[in-house]
Structure formats: C-alpha cells, structure tokens
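Have the structure open as you read.

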Amino acid sequence: MSQHRVRAERRIDAPVEDVWAVVDDTSRYAEWVDGCLEVTRHHGSATVGDTYGERNSTLGPLIATTTWTVLEVEPPVRRVDAGEGLAPLRDFRNVFTFTPTSDGRGTLMTYEVTFGLALGPLGRVLAAVLGRSLPQEFQRSMQNLDTLLRSERPLPREAR
C-alpha cells in the first residue's frame with residue numbers, strides 16, 4: 001500500500017480564534033467543507049476520542065457515509081481527525097493547522113490529508129486524480145470558511 005499526502009494553504013480574513021471557533025464545532029462542517037452534504041452525528045466542540053458522522057460526495061456521483069474520530073486537538077493551532085468509510089482510501093487523516101498572520105487580523109490555514117491506497121496500477125491512477133482534485137476541494141472549503149466568517153462578522157459601528 002502506498003502512502004499519499006495532499007495539502008493546500010490559504011489566508012483566511014479572520015483572527016485565528018474566530019477560525020478555530022468554527023472549525024472546532026463539528027456540527028458546522030456542512031456549512032463550509034466542500035463535499036460535506038450533511039453532518040449526521042456530532043458532538044459540538046472537537047474532543048479527543050469523540051466521533052462525528054457525515055454524508056460526503058466523493059468521486060463523481062458517489063456518496064460516502066463517513067465516521068470521523070478526533071485524534072488531536074491543540075487550540076487554536078492544530079486539529080487531526082481520522083476518517084473511515086472512504087474506501088478504497090485507508091488510514092485517512094485530516095489535518096488542519098492555523099497560524100496567525102503578523103498583523104493578527106488574519107489566519108494562514110493549512111488543510112492536509114494523508115491516506116494509504118492499494119489497488120496496484122488502478123491505485124496509482126486514483127492517487128493522481130486525487131492529487132489534482134483534492135487541493136482544489138480544499139481551496140473551495142477554505143474560501144467557504146472565509147466567506148462564512150465574513151458573513152458572521154458584526155457590522156462596524158458607523159454602518160449600524
């Protein structure tokens with residue numbers, strides 16, 4: 001089985017604490033994660049050892065029922081979850097990291113997954129497809145998160 005890593009980075013126009021508040025809340029994933037159709041079971045704030053469930057679009061018209069287990073929580077810096085139900089992917093890990101920008105008004109977010117994949121030559125083709133499609137999906141997710149955070153930002157005093 002070969003191991004793969006795919007990652008993307010993006011600046012989010014919100015302080016790291018605001019970004020963390022949304023990403024830490026497992027009930028909100030369908031609001032911003034590209035491909036998450038529905039959160040079917042959640043526990044609110046991410047807690048090591050807890051699980052949550054989703055229905056996700058995968059390749060083409062395929063729908064997966066996934067279970068995620070929270071492996072690491074280091075507020076507001078890092079979060080790691082393990083996913084099951086994403087066959088033929090194995091040992092799937094989802095890693096979010098957050099770094100405040102130097103002005104403190106933004107956040108550099110890294111969205112990364114690691115996974116194992118067997119299937120011989122077919123697995124290599126699938127890995128190549130995922131290597132191209134997942135970074136785009138991650139960018140859409142982070143753009144969605146940025147848009148969501150902007151929509152929840154209070155209006156400045158002069159605009160009220």
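## Aromatic cluster

Rings of Phe, Tyr and Trp (its six-membered ring) count as a pair if their centres lie within 6.5 Å. On that basis, this predicted model holds ten aromatic pairs. One aromatic cluster takes in Trp20, Tyr29, Trp32, Tyr52, Trp68, Phe92, Phe96, Phe98, Tyr111, Phe115 and Phe138.

## Two pairs up close

Let's start with Trp68 and Phe92. Their ring centres sit 5.7 Å apart with the planes at 70 degrees, so this pair is edge-to-face; the cut-off for that label is over 60 degrees. Trp68 belongs to strand β4 and Phe92 to strand β6, so the pair ties together parts that are 24 residues apart in sequence. Trp68 is buried, with a relative accessible area of 8%, and Phe92 also counts as buried, at 9% relative accessibility.

Now for Tyr111 and Phe138. Here the ring centres are 4.0 Å apart and the planes are at 10 degrees, so the pair is stacked. Distant parts of the chain are linked by this pair, since Tyr111 is in strand β7 and Phe138 in helix α3, 27 residues apart. Both Tyr111 and Phe138 are buried.

In soluble globular proteins, nonpolar side chains tend to be buried together. The largest nonpolar core here has 38 residues, and the ones that touch the most other members are Tyr29, Trp32 and Phe115. At least two residues of this core come from each of β1 (2-12), α1 (16-23), α2 (29-32), β2 (36-41), β4 (63-74), β6 (89-100), β7 (107-117) and α3 (120-152). Which element supplies the largest share of this core? That's α3, with nine residues.

Setting aside neighbours within four places in sequence, Trp32 is in contact with Val22, Val23, Phe96, Met109, Ser141, Asn144, Leu145 and Leu148. Trp32 and Phe96 are also both members of the aromatic cluster.

## Out on the surface

What about nonpolar side chains on the outside? Leu59, Leu62, Leu119, Leu122, Val125 and Val129 form a nonpolar patch on the surface, and together they have about 520 Å² of accessible area.

Key. Residues numbered from 1 in each chain as written. Predicted model: local features only at pLDDT ≥ 70, side-chain atom pairs only at ≥ 80, totals over all residues. Heavy atoms only, no water. Core = buried A, V, L, I, M, F, W, Y, C linked by side-chain atoms within 4.5 Å. Buried < 20%, exposed > 50% of the residue type's maximum accessible area, 1.4 Å probe, protein only. Helix = DSSP H or I, 4+ residues; strand = E, 2+ residues; numbered from the N terminus. Contact = heavy atoms within 4.5 Å. Phe/Tyr/Trp six-rings, centres within 6.5 Å; stacked < 30°, edge-to-face > 60°. Patch = residues over 30% accessible without salt bridge, like charges linked within 9 Å, V, L, I, M, F, W, Y side chains within 5 Å. Areas by Shrake-Rupley, 256 points an atom, 1.4 Å probe, with all protein chains shown as cover. Salt bridge = Lys/Arg side-chain N within 4 Å of Asp/Glu carboxyl O.
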